[in-house]
Every structure is written in C-alpha cells, then in structure tokens.
Amino acid sequence: MTDKNKTFHIYLQDEWLDYEIRELVRLFVDLDELKVTIAADIDKNSPVAKPGLVCDYGVDDGSGRSWLRLNDETIEVTHHSKWQQHPEYKKQAKRKFLKGVYLLMQDFKPTKLPWGTLTGVRPVKLAHQLIQHLKADDLVISTLQDTYAIAEDKARLVTGIAHLQNPILESITENSVSLYIGIPLCPSRCSYCSFISQAVSGKDDPLIAAYLEALLMELKGALAWLNERQWYLDTLYIGGGTPSILTATQIRELMETLSNAWPLSSPREITFEAGRPDTITEEKLKVLKEYQVNRLSINPQTLQPDTLKRVNRCHTVDEFYEAWQLAENLGFQTVNLDLIVGLPGEGEDQLMSTLNAIKPLTPANLTVHALALKRSSTLKTDAVKHQLSDNESENMMNRIYSFAKAQGLIPYYLYRQKEMAGHLENVGFSKPGQEGLYNILMMEEKQTIMGIGAGAVSKLYYPETNRIERKPNVKNIHVYIERMKLHGFDEAGWNKAFSQKS
Ligand code: SF4
C-alpha cells in the first residue's frame, strides 16, 4: 500500500507512453503523488527511488524483449522483434505495456477498475473497432477482457451498445452535419461543476443578452456557410449550461434564426437541454414546440431536497415535477431526465428514493452520470470529502442498471471522464427507437459536428482516413463576445479545413 506522504515515481526512457502510463498509474495513486523522470539510460537494473515503476523498452536490444519493474518485482513483456518500426506492432506493444503496468499496480495496490487499462473517454468506440475486425461477439468480449482487463459485464455492455448504435451510424449520409449550440450560462453554479458555465444574477443580467447577440452572429455566419456548401443539418443540440435561462422571446429569436436558414422539419432530431427545472416555463416550452424541438432534457440530478441545496442547484423537487408535467402536457416526443450518482451526502438509500420518485414518470430517456470531481469544481477545491467507496458507487450504478431494465430502458451511449466515482461511466438509456441521436454521433465521431458558442468544440470528420480534427472555440465568455463583435463566424478557419477535407 502507498504511504500517503510518499511520492510515486515513474521512470521512462523516452516520452512514448508518458501520458498513457501516467493516466493509468493515476487510477491507483493520487495525482499529487506522481513524479515522472525521463532518462534514456534508465534500465530495469537502475537503482531508483521507491515506490518506483521503471519502464525499460529494450530499445537497443532488437529482440522484442522489454521489462517493467515496480520496486523489486520485474516482469518481461515480449513483442514482435520489429515492434518499433511498424505502427501496428507498436500499437500491440503499447497494449502489452499498459496491461503489464496494470498488473504490477494491482499487486502494489489492489484497486477495482471495471474499465481495466482504459483511461480514455470512449470505450464504445473500441468495441466498434473490435466488432469490425473480429466479427464474433465472443471474441470481442474476450479481447476486451484479456487485452484491456475490462470486467466482463462492462465488456458485454459496450459490445451491446455498439451493436445498437451501428444502424444509426450507418445511416449517416454524405454532407450531413450536426450542429451544437452552447449557452454556458446558469442560474447558479453547482458545487460539482467543472464546466466553463457562468452564473448570472437573474433573467435581466446584461450578460445574457450580450451573449445571445454574439451567439447569433456566429450562428448566422455558420448557417450561411453550411448552406453555401449544401451541407445539411442532420441533428441539432442546444445545450449548456442552461439554455432555458433565455426568456421566451430570446428563445424565439434563436429558433427563428435557425428556421430562417433551415426548415426545422428537416433535422432528424432537435434537442433543447433545458436543464434546470426552475428556468422552465410553459411559455418557453410552447416556443420550443412551435419550432419543432422533439427532444427535451430536464435535469434534476437528484430528487433529494437536502442534496439540491447542498450542491447549490437552487431549485426544488416540486419545480422539477411542474416542469415535467408541462413538457408532458405539451406532448414533446422524447423527454430526457439526468441523474448523478455519488452527489455528496447521497448513498444507496437516497438513490433508491430518487428512483422510486421518477418511476411513475416513465421517462423515455434517462442519462446517468457518475460524479466526476474535477479540480476546477468547488466541491474539489473546498476539499469536501466524497465519502463513497468504490464498492458503494458500483452498487449504486448496478441499482440504476436494474431500474432502467425494469423500466424498459436500454443503454444506448456511454462515455467516461477522469476522476469518476468508482471509476465508473456515464450512460444514456432509452426506450427502443427513442435514442438521442446527437449523443451517439458526438461520442462516436463519425460525422462532422459544428460547435457554436463559447467553449463549443467543432469536430471535422475525414471519412477517407476515419479521423477527427477538433476546432475549439474560445472558452472565456467575455472574450468570446468580444471576438464575435470583431470577427463573427470563423469562415476562414472552416474554409481551410473544408479545402483539406475535400
Ligand atoms: S447546471 Fe450544469 S453547467 Fe450549470 S452550473 Fe450546474 S453543472 Fe455547471
């Protein structure tokens, strides 16, 4: 076991795998305890500080033999003798190194890691790749378990999700694009929030109008640019923050801008992530309905009044029910409900109480996040202790899976973040046929996504090489507003990217 006062040392011969090994070791020891030393002359016999992990790649040896040593335990990792020359062999070597590090770290500090050596955001993407290469599900599942040390239930989960997503991904057509419009403004800042969103002082806060003005400038430019190139809008997602912080008039202005450029009957899906129930009114929902929004998200995160206060969400349980009822009365096709597992002060009892409370609502979509305590959240910086053990988090997540199944909801998309409770996952459930298309498209990266707004990230998809190029917008809201006033939509940047694409 690690001594809290000790530093954990990692010794590497070069920067290859620096990031991956660091991210993997972090799952076993706290970040502040890590120190990485890169020196070409380090080998498996070098005297190093303890606890210390030495990665000896056997670079000059030519035999394909490499070594990993953690304190006094050394293991040999064998590769193809030409692993350093061939990209595919190098990828295999990488997987073997990471599995070796994982096994040594498990001996050093046994830790339950349902996702094994995977530290990335998109495990379903890996399942898609394996299905394509291996064809048989049994092989996919055993590879996920053996090569990546993923728990069997998770391996089955991502394989099932990949199959469910396949027809949706195959239905993507050329020149289709999805559009994300971000409104990073909220009525208050939740204590666990690590997003760029800024709290406003009320609906009359001048920042809201200033932001909307800038946003519309970028949006108009983007829509004209898309129209000129005859790209068409496949799905549209208006997210936050809290987009329903806008007044009904402001929402109308936004939707009118969109419908002037596009008949809003044409996208397959239009999602409005209303978010905080206290910002939702009948008037606003009527405007959304008028402009053909067919997927709405209402996010209580928990239905425990004490927790809502504790995390500074500033809405009541009743306000959630009222918002839900309004959405039902207006007949939105799909309404999503977001929950978070592991909020401070919540255990299995509170979770079960929340699940029992939402049961009669029979939501068509349920999205569940395992709390991720990032450094920029107040909850983390205030060092409020998050008390749930990994086992408790896992039990709670299992409760969710059982609840969703009983409600006829099937997992349809999944992603991971750093610092997640119980090293778990975020997962979206859906009634069959009502899957949130944008969520799948954004996560699996098979279509160009244009991101509009402060902090929005566009992803340009290159089908020929099956790769994505990211184009992030500036995160600071005030700088974004200034930039839009001066330059508007980044037409030159998109033209450059587009010419490289075609
Ligand atoms: S509603 Fe979401 S974006 Fe807004 S402060 Fe809370 S966690 Fe952050």
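A nonpolar core is a set of buried Ala, Val, Leu, Ile, Met, Phe, Trp, Tyr and Cys residues joined through C-beta atoms within 7 Å. This is a predicted model: local features need pLDDT of at least 70, side-chain atom pairs count only at pLDDT 80 or more, and totals for chains, interfaces and linings use all residues. Numbering starts from 1 along each chain as its sequence is written.

**View 1. The largest nonpolar core holds 106 residues.** I298, A327, V341 and I452 have the most contacts inside this core. Helix α6 (residues 206-228; a DSSP run of H or I, at least four residues) gives the largest share, eight residues. Domain 2 (123-164) and domain 3 (172-487) both contribute, so the core lies between them; domain bounds come from an automatic or database assignment.

**View 2. Contacts of I452.** Beyond four places in sequence, I452 touches L179, Y180, I181, G182, L215, E218, L219 and A222 (C-beta atoms, placed from the backbone, within 7 Å). Another core lies apart, with 21 residues, including F8, I21, W83 and A93.

**View 3. C55 in strand β3.** The strand (a DSSP run of E, at least two residues) covers residues 52-56. C55 counts as buried because it has 24 C-beta neighbours inside 10 Å; the cut-off is 20 or more. Leaving out neighbours within four places, C55 contacts Y11, L12, Q13, I21, L68 and F97. Its C-alpha atom is 13 Å from that of Y19, 36 residues apart along the chain.

**View 4. The ligand shell.** C186, R189, C190, C193, F195, S197, G240, G241, T242, G275 and R276 surround the ligand (C-beta atom within 6 Å of it). Four are nonpolar, five polar and two charged; Cys and Phe count as nonpolar, Arg as charged, and Gly as polar.

How values were computed:
Buried ≥ 20, exposed ≤ 12 C-beta atoms within 10 Å, placed from the backbone. Contact = placed C-beta atoms within 7 Å.
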